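Subject: Structure for your review

Dear colleague,

Please find the sequence and structure below. My notes on what was found follow.

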Amino acid sequence: MHEIPMREFERRLDGLHRVMRERGLDAVYLVNPINMAYSVGLHYLQTERPAAIVIHKNGEVYFFGPLLERDHVISQTQLISKTYIYRDYPGETHPMRLFAEWFRELHLDNAVVGYDSTPGYVSHWGYRGPNLTELLPNTKFVNVADDIYSMRIIKSEVEIELLRESAKWANLAHSLLQDYTAPGLYDYEISLRASLDASIMMKKALGPNYKPLRSEYPAYAGFRGQVGEHGAYPHSISIERSIRAGDVLVTGATADVSGYMAELERNLFVGRPTNDVIKYHEIALKLQETALNTLRPGIKASEVDKAVIKAARELGVYDYLLHHSGHGLGLEAHEAPFLDVGDDTVLRPGMVITVEPGIYVPRLGGFRHSDTVVIRDDGIEIITYYPRDTESLIVEV
């Protein structure tokens, strides 16, 4: 499966209508592009030009937005009843004033309307403008962001199947990344080649109707600058030198399947690793195993991170822990809940979590694996499956 069936969007819209009934709403006003994609399948690239989806309690769905998005709306989704279009921002009449006029046309100027981010537009790329609360004083706006997020946090079997398909292509991309890694090459050379080859294979396999929705490439694998000693910085971008024999590499791979992107991360070792490297890699594996063995439905997300911290103290690497043990995953790369000591969310079946405790040793490198995990009624399902043992991750030189 690589497309979201109509019945899935109908399920999501049913959920929004249930929120409307429970909260006494006449409509829901969405400006968060993730919520637009989730509810009707419209992937809107936020710019300075405001856009919104209005879902009326009568079942109609409306798009408010710029002229240049009109054809995108028509091509991406069949769920929009009518489009309301302005030419461009800021225009002779500010788009938000036009939004207010369209609210009046829809008889929502004396109504109760839920909103997800703001009753206006999220400031982006220099946007400035009034909120609808100023322009529609008789409309009552109610924040329903938590209601919508509570829907998104539990993944349907359709969403899980899309993530499973993503994991398959992430596995291929990572395999190519390992095959192409060699001393003397820059990280981006290897990443571009592996990502391109995996993307071509993915496109050919999934057919002419497939297209990525969140990323430039269908599949991606790379290092994000975590090469050698620079791997001790968890969120690097690039490094000024090429890869050398002896380097510890921190990798990442994913693939875009209808906007869902599983997370797969591993270490690679350029040549036979030293005893110190083997030691820290095995500790990182123990920390991930601790998290996986703790993870189950009914416990708090914080309990997983606490178990990892306890193990890190016992193994003498607590000072090398720089982040929590994982996070939710869906249409965004990071979502709630977080495997963090401060997140007491109770884990429930259908939640999708990355499990990725990492240790970062100065002047040596970073040691982290990340796997995408589904919480099930009877335990967990790990949907990424690249080898984890040291021997399988050695790049021969």
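Which residues of helix α6 (residues 145–152) are buried? They are I148, M151 and R152. Please note that this is a predicted model, in which local features need pLDDT of at least 70 and side-chain atom pairs count only at pLDDT 80 or more, while totals for chains, interfaces and linings use all residues. Residues are numbered from 1 along each chain as its sequence is written, and side-chain values use heavy atoms, with hydrogens and water left out.

Some terms are needed here. Helices (H or I, at least four residues) and strands (E, at least two) are DSSP runs, numbered from the N terminus. Buried means under 20% relative accessible area, exposed means over 50%, and partly exposed lies in between (1.4 Å probe, protein chains only). Contact means heavy atoms within 4.5 Å.

Helix α6

R152 counts as buried because its relative accessibility is 4%. Leaving aside neighbours within four places in sequence, R152 is in contact with I34, N35, Y38, E332 and E335. R152 and L13 are 139 residues apart in sequence, and their C-alpha atoms are 12 Å apart in space.

Aromatic rings

The structure holds 15 aromatic pairs. Rings of Phe, Tyr and Trp (its six-membered ring) pair if their centres lie within 6.5 Å; planes under 30 degrees apart count as stacked, over 60 as edge-to-face and the rest as tilted. The pair of F64 and W102 is edge-to-face because the ring centres are 5.2 Å apart and the planes lie at 65 degrees. This pair links distant parts of the chain, since F64 is in strand β3 (residues 61–66) and W102 in helix α4 (residues 95–105), 38 residues apart. F64 is buried at 0% relative accessibility, and W102 is buried at 9%.

R12 lies over the face of Y38, 4.3 Å from the ring centre, and the charged end of R193 is 3.7 Å from the centre of the ring of Y180.

Strands β13 and β14

In a regular strand the side chains alternate between the two faces of the sheet. Strand β13 (residues 358–361) is covered on both faces, with G358 and Y360 buried on one side and I359 and V361 on the other. Four bridges join β13 to the antiparallel strand β14 (residues 365–368); two strands pair if DSSP finds at least two bridges between them. I359 stands opposite F367 in β14. The two strands form a hairpin with three residues between them, and R363 in the turn has a positive phi of about 65 degrees.

A buried serine

S166 lies in helix α7 (residues 157–180) and is buried, with a relative accessible area of 0%. Beyond its neighbours within four places in sequence, S166 is in contact with T254, A255, V257, Y260, M261 and A262.

Yours sincerely

Methods:
Lys NZ or Arg CZ within 6 Å of the ring centre and 35° of its normal.
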